[in-house]
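Please open the model in your viewer and keep the selection panel at hand. The stops below move from one selection to the next.

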Amino acid sequence: MPKFQENALILDHREVADRTWLMRLMSPKIALEARAGQFVMVRVRDGIDPLLRRPLSFHRTFPEEGCIELLYRVVGKGTLLLSKTVPGMNLDLLGPLGNGFDLPAPDARGPIALIAGGIGIAPLFDLMERIALSNPAFDPQQMNLFYGTRTVAELLALSYFGALGVRVHWSTDDGSFGHKGHVTRMFAQFAEDSAFRPESLYACGPLEMQFHVARWALAHDVPAQLSLESLMACGLGACLGCALPAASPDDPAADGYVHVCMDGPIFPAGAVQWQKLQVHRPPPPIFLSD
């Protein structure tokens, strides 16, 4: 798949939730090739500080208009600098990168589950639009989006999802809107109470969340595609900084590493050794709680 370096013009840029910004850029070459779940590496300003580009997934793409949208949260120096940019400025983009989500089969009719944790909503919005466009006979109400953040201020507005026609299940960790608690618990409880068994499951969010999604999908034999996060410096497989321990069920001796930028960021639930990951990273409470 071709990759491009484009000097993209910022067309619109605004804050749409707490520390969450939506940017629209003119980037015709990248927009034409982009798939849902892929990403671009963004140079936030000229010079060497910050030295590294920031990986941001496509939130929406408009190939006919030559535009893309990026949704991101301010979490550090790079994204803070990015939030200061204004329409009329240009950004250096490299992409599209990564593998992207596989869409459901054209004749799919059964329910689909999408689980978004925090800014993980970014690529799932593009995915939902593409599913709807690729299969006009598919009922959008069969798409169930489970969307959780820490507090209501971080949620995208209700109206944001209106045109999609999907069923949105809300959660906040502090209970300020929707279900109180982690989005994975809301999803698991909903599935148990309603005997909900999706034909496909897509998820994007922190690794801690993806651990629970993967465990549920494997236990219920539901095909899942998880967009995984890892520290990423180059986005091209050169620095190997985004390695995660890989699982090889058919040949444990072949276990090695997958690289999120080059092999992903989309992986099936069984592609990663989740328990090994917990050993290598200090587990926050959500990792071990259920």
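**A tour of the domain interface and beyond**

Begin with the salt bridges between domain 1 and domain 2, of which the count is 3, a salt bridge being a side-chain nitrogen of Lys or Arg within 4 Å of a carboxyl oxygen of Asp or Glu. This is a predicted model, in which local features need pLDDT of at least 70 and side-chain atom pairs count only at pLDDT 80 or more, while totals for chains, interfaces and linings use all residues. Residues are numbered from 1 along each chain as its sequence is written, and side-chain values use heavy atoms, with hydrogens and water left out.

Select Arg73 and Glu154 next: they form a salt bridge whose closest N and O atoms are 3.6 Å apart.

Now colour residues 4–97 as domain 1 and residues 112–232 as domain 2, bounds that come from an automatic or database domain assignment. To their contact (heavy atoms within 4.5 Å), domain 1 gives 21 residues and domain 2 gives 17 residues. The C-alpha centres of the two domains lie 23 Å apart.

With a surface displayed, consider the area buried between domain 1 and domain 2, which is about 1600 Å², with carbon and sulfur atoms giving 55% of it; buried area is the accessible area (1.4 Å probe) that two parts lose on being put together, summed over both. Within domain 1, select Ala36, His59 and Arg73, the residues that lose the most area to domain 2 and that together make up 33% of what that side buries.

Which elements give two or more residues to the side of domain 1 that touches domain 2? Select β1 (4–17), β2 (20–26), β3 (39–43), β4 (54–62) and β5 (67–73), where strands (E, at least two residues) are DSSP runs numbered from the N terminus. Of these, β4 supplies the largest share, with 6 residues. By class, this side of domain 1 has 11 nonpolar, 5 polar and 5 charged residues, with Ala, Val, Leu, Ile, Met, Phe, Trp, Tyr, Cys and Pro counted as nonpolar, Asp, Glu, Lys and Arg as charged, and the others, Gly among them, as polar.

Finally, select Cys234, Cys239, Cys242 and Cys261, where UniProt places the feature "binding site" in an unreviewed entry; such annotations may be inferred rather than shown by experiment. Although spread over 28 residues of sequence, these positions cluster in space, with a largest C-alpha distance of 10.0 Å. One of them, Cys239, lies in the loop between β12 (224–227) and β13 (243–245).

Key:
Helices (H or I, at least four residues) and strands (E, at least two) are DSSP runs, numbered from the N terminus.
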